[in-house]
Structures are given as C-alpha cells and as structure tokens.
Amino acid sequence: MITYDLNGAFYHNGNIISAAEGVALGLDVRAGKNKTIAWSILDAHNTSGSEDYLKIKFDAMASHDITYVGIIQTARAGGLDSFPIPYVLTNCHNSLCAVGGTINEDDHLFGLSACKRYGGEFVPAHQAVIHQYMRERYAASGAMIIASDSHTRYGAYGTVSIGEGGPELAKQLLGKTYDVSRPEVVCVWMEGSPRPGVGPQDVALAIIGKTFNDGIVKNRIMEFVGPGIANLSMDYRNGIDVMTTETSCLSSVWQTDDTVKTALTIHGRPEAFKELSPENGAYYDVLLKVDLSKIEPMIALPFHPSNAYTIREFNENMEDLLRKVDEDTKTQLGVNAPSLVNKIKNGKFYADQGVIAGCSGGTYQNLVRAAEILDGKSLGSDAFWLSVYPASQPVMLELTRKGTLSSLISSGASIRSAFCGPCFGAGDVPANGAFSLRHSTRNFPNREGSKPGDGQISYVALMDARSIAASALNGGAITAATDLPEPPVDLPQTEYNFDDTPYKARVYQGFGKADRSAELIYGPNIADWPEQISMTDNLLIKVASAIYDPVTTTDELIPSGETSSYRSNPIKLSEFALSRKDPAYVGRAKEVLEIERLRRIDPADPRVVSAMEGFDPSTTAYGSMVMAIRPGDGSAREQAASCQRVLGGAANLCEDFATKRYRSNVINWGMVPFTYRGVEQLNIQPGDMIYVEGIKSALENGDDSIEAVLIQNAEKKVITLLMENLAKEDRDIILAGCLINYYAQ
C-alpha cells in the first residue's frame, strides 16, 4: 500500500529510481537537489542569495478571525503603512461561536476597517472557509502563499504554501522575509487508481499513519509526482494535500497537468496555470511510494490522525482498539469514562454523529459522493445525526443548482454554512460520551468541543465523507463505502461550474486601495500586547508545568473552541493556557510573574530576594517555563506561545519541537527554545528551577549551547542546554524580548 526509502531517490526518464541506481548512472545528488519542483519555486522566491539559508517573500497571505487582529496589531507596532501583497482576512472560525457577547463581530468590524485602511481583502462570515477561498482565488502554479493556519496547503495547484504563526505574517506585512534553512524534499510517488468508494481522506490517513510517528517527512516538503496523479480529480488532490499538515511536513507541492489547468480555467484564472514537473535527474532525500489501488477505507481513532487503521481492521479488532482509546482517555485527559466498548451492539460499533465539513471535507466532490450514497434515503429518527458544511458559497450555489443539497436534506442531513468550527471544537459538539465521525482535519483531544475538566468527554474519529455516508445509512454503524453494493466512482474530471456571484456581492476587494484616513474600529475586547522586557544578563527559570506525553499539541497549550473568542485580548486569553492539560499552570506562572514585576521595581524587595534563592536580582530576570517532550504539534496559532509569554514565560525546554511553526512562535515571542537530549531522564517537575548564567552573552555570541544549573529539591546539577539552529535574527528577537520590541528598536 505505502512504502518508504530513507536513502533517497532520483527522478529519471519519467520514473523513480533508488539513489544508488542513480549514482551508478552518473546522476549527481547536489545538482539533482536543484531539479525538484519545490526548489524551482523556493529559488524564485528566495532573496538571500544563498541556497542553504533562504529568505522568502510570498505572493499572497491569508488569516482567519482567530489570528488576524493580533497580526495586524503586531505589524502596526512595527510601523505598518499598507499591505504590500494581497492579504485576505476570512471570518470562518468564530462566526458561530457566541462566547463573550459582541466580541466576535467586533473583531470582524476591526478586520474590515483594517482592510480599508491598509488595503486588504475581507471575506465576511459564512462566505468561505479560509483554504477553500484561497484555492478558488489565489492558488497558482509556481506561487508561494503564507497563512496563519496550519492547514495552509495549496500544493495540488503547484503552490508551495506554508502555515505559520502570526508573527511570521507580521514580518511579511513589514516587508521582511520568512527565513528558513533549505528544507529537504520528499518524493511522494503516486501510482495506480483509487478503488470505487475510497476517498481522499482515506489516502491521506494512510499516508499520515505511515509517516507521522517516525518523523519521516517532518519539516520537509512533500512533492507529489507519478502516473497515479492523472487518475485523481482536483477536489480529490486537494483533499489529500490539505491533510499533509498532519504528517508534520513543512509544505507540499504537486506536479501539474490538464486537470489543474481546467480547474483554474473554471475558476476564471487560466493565467495562473503553469506546467510543473521535476527535471530529469531530480534528487529526493526520501521516497514515499503510494499505490492508490491498494488503499482501503480508513478510520483515525482518537486522539490523533496518525492513529489510523483500515475500517476492515477496526471492525475485526474493535474491542482491543477501543480499549486502547479508553486507556488514552485516562492517561491523556485524566478521565475515567465509560468504556467505548459499550457502544458495540451485535458485533457493530455505533457512532452517534457524522460531520462533513471544512477545507478537507466540505468540497464539492465529497458532498456529491455523499449524496449519491445516501440517495435521499432516510437517516432515521434515532440518535445518529449528520451535518454538512459546504466549504464556500460558490460550492453551495452549485450544489443547490444540481439538486445535491435537496437530496441531502431529504435524507435528514443538516446543511450549514461555511464554517471551520467542527475542526476545532466550536460547532456540533457531541453529547457526553458520544462518538463523532468527521471528514475534517483533526481529532485531537477536545477538538470536538467537550470539557473533560468539567466531567465531559466525547470523541472524534476521522473518516472519508463516502464512508461517513455509508455509516449513516446503517444508523451510525462503522461501514466502509467499498462494502456498499454500488460504491461511488471518483472520476479524474468532475463537472463543476464556479459562480463567484456571492463573492462579488459581499467580499471587500481593497488590495492596492489603502486609505490611511480610514480609522480602525476597536471593540472593547481588543487590547494591545502587554509590554515585554529585553533579555537580562542571566536568567532564573521556574518550571510552571511539566508534560510527559510523547507529543503535546497546541490545543493542549491553549485550548481551541470557544476560548478562541478572547484571542484579541492577550491577557484574558492567557487565563486559558494549559487549562485542559494542567489547570494549575496559570496560577504557578502568575506567581513567578508577580515576583518578576516586583524585581523590576525594586530588586532588593525581600519577596524577590527570597524567591530568587541567592541569585542576583539586579542582573537576573525571573521567568517561568513549560517543559514538554515534543511540544507544538497541530495549529499554527501563535497564542500557544504568546499566552505563555504574557504570563511571564521565559523559555521552553523539550527533547525536540514537534513543528517548526511552534518553535518559531516561541522565538518570536521572546522565549528561548531550549532542547536537551534525554530531557525525560531529568524528571523535571513544577517548582524546579534552572539558572542560566550568561544567557545574554551566549545569544549575542551565537553559542549553540550553554551550561545551566538545574535545582531540584535543594540539590544542584549542571546540565548543558542546546540552542541549536538559531539564526542571528532569531537571537536578536529573543534578546529584544519579542518581535514587537525588535521592530520597535
């Protein structure tokens, strides 16, 4: 089904061969690295003059309504004059979230006023989810796009797109660059054709399950090539591509063909097409082979997309697999919930809900296939229910004209507007103990919206729209679409008419029309970032939380869902930091922050002297720290780091960072990204302290490591902390205290 080779491969005469074979034929690895599609695009956008360390400028940007207020506020503090490239603000994350009264719509008004003042593109609520809009309006062969959302993937159009935290977008708004070491490239060789009933989510989950745990594609670019691509429609390719985020890769790009050309022409942008293919002799650092004909319908069980099995395997081993989820529920969430095995009846596992939504599920072809399977048949009036969210108004318009929505409604499905809420816990929250099947992007803990700390627990499993529809026909019993008497066939070309009348009627098109006389509209919840101090000579860090899970998601660092409504008020939002993972964290961090505030006023204050245990308060800052094994998997939201900084965070300590985007957020918010090989063996606990003498000098000198003193139970131990791969600008940002301070200087 899927195999990989970590020893590299060459593209040669339209085929893929091993690195050893290529070298024997006289192919050169170094020259071959410059012949990939990915490099041709990176090179065209690189301003550094170096092939090893890139400084990228993008063609377009996008943000949604969890992130754009903070980004614009950060850029304003750095001297923003106007948006230098097209910047799209969508309103697809908090359009249905009612927490906090008026604050969501207040932010939307701020966004519109910012587009008028600085020259942006404003997409009102319910018009489109962010990535569908960017596919329809901006994805282009050979382009580069950055957006403040982790699932920023338009690779199927030949676009190298990157999801990053807000500060990286603020840099682009200020004419700066996205700085990154040259990424390695993975060849994803596609061959064969999917079986009827197998959808893009099935292919994606199979790839994620094969690659994530071993870090095979981490921080690399996945380049999709091979004869199998011609057998996939545009929507099908997009459905696979958007899920590459869950492999932890940096980005993705696909070879382009007539299917892409047709899609861009349908969307009124034929000039955006360019035929892209690797040059003969292109070299790839890793080879991933995918035989599409052998992919089966998949299910990703809680609590990660990589927890993936074929539906056949699940149905054959459901009791064992569900008991494993029970164990994960206890260890990861601290909840002793009734066993999911109780949902097995007569040898079948029954889910309670189905949702097809967002940038991965709500595409035209997915919804057509689901409607074909349901065929107007009743879902029944028992507990199972189905919600459908078309990804944009043009998609909904075409589904309406073709009668697809009528068919879904006749079956009993609930039709909603374009909204990302089901992906992050702000829509269709299941009942306590319920189990949801979703064609969306993530099934992390709490992504369905439950609150384990309040005694609530529900679950999400990821599946393709086709198998969700098949399961809906069976009252929620997990059913593979391939087991239907007539499973639907996905043809390479699906008839589709794109009508952008809804956009013409409602979207504010302001790029290039900045009006500095237009005033920004501030709601009462919109607040400036609190002041942060620059780095002191030395640093005393108190551990405020220690997390020993193999991976810590950004959702655990700062919960998604309704708490995101407070994203424009840094201090209020920080109250929710780690609230679902370590409820005591905020209190511990605040205690440290209060001592640091006193230290700045009077270093000789007895409370300061006592807390700092003999270290010099006049030259030593006092900050808190989160220790985790691999933090930062998941969302690009900068708040996962900024909330720590607002609470006095000075550093993160880990074995390794799960994603580059989270590490970038840590740096941009002025925290030191310490790593330590074998950090778990230190047995660090809340209350432990680390004294780092000479941290300022080490950062200024470009040191990659520094000796520190770990203080545990009154005992001291010298350890060596790593500060690897910090560029000069990274160090300068940390020294300044945060990106805002850096630009102010």
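Five strands, in the order β1-β15-β11-β12-β13, make up an open sheet with mixed pairing. The model is a predicted one, in which local features need pLDDT of at least 70 and side-chain atom pairs count only at pLDDT 80 or more, whereas totals for chains, interfaces and linings use all residues. Residues are numbered from 1 along each chain as its sequence is written, and side-chain values use heavy atoms, with hydrogens and water left out. Helices (H or I, at least four residues) and strands (E, at least two) are DSSP runs numbered from the N terminus, and two strands count as paired if DSSP finds at least two bridges between them.

**The sheet and its helices**

Strand β1 runs antiparallel to β15 (residues 286–291), to which 4 bridges join it, and within this pair Thr-3 stands opposite Lys-289 of β15. Helix α8 (residues 200–211) packs on the sheet, where it touches β1, β12 and β15, and its direction makes about 40° with that of β1. Helix α3 (residues 37–45) lies across β11 (185–191), β12 (221–225) and β13, and runs at about 125° to β12. Contact here means heavy atoms within 4.5 Å; axes are lines fitted to C-alpha atoms, for helices over the stretch in contact, and angles run from 0 to 180 degrees between N-to-C directions.

**Pocket and cavities**

On a 1 Å grid over the protein atoms alone, a cavity is a set of points where a 1.4 Å probe fits but cannot get out, while a pocket is an open set with protein on both sides within 12 Å along at least five of seven lines; lining residues have an atom within 4 Å of a point. Grid points are joined across faces, edges and corners, and a volume is the space filled by probe spheres set on the points. The structure holds 6 cavities of 30 Å³ or more.

| Space | Volume |
|---|---|
| Largest pocket | about 930 Å³ |
| Largest cavity | about 200 Å³ |
| Second largest cavity | about 70 Å³ |

The largest pocket is lined by 31 residues, and those nearest its centre are Ser-181, Asn-219, Lys-660, Arg-663 and Asn-725. Helix α25 gives the largest share of this lining, 5 residues. By class the lining of the largest pocket divides into 8 nonpolar, 8 polar and 15 charged residues, where Ala, Val, Leu, Ile, Met, Phe, Trp, Tyr, Cys and Pro count as nonpolar, Asp, Glu, Lys and Arg as charged, and the others, Gly among them, as polar.

The lining of the largest cavity has 6 nonpolar, 8 polar and 4 charged residues, and α6 (130–137) and α17 (421–424) each supply at least two residues to it.

**Helix α7**

Helix α7 is mostly covered, with 8 of its 8 residues buried, where buried means under 20% relative accessible area, exposed over 50% and partly exposed in between (1.4 Å probe, protein chains only). Among these buried residues are Glu-168 and Lys-171. After α7 comes Gly-175, whose phi is positive, near 80°.
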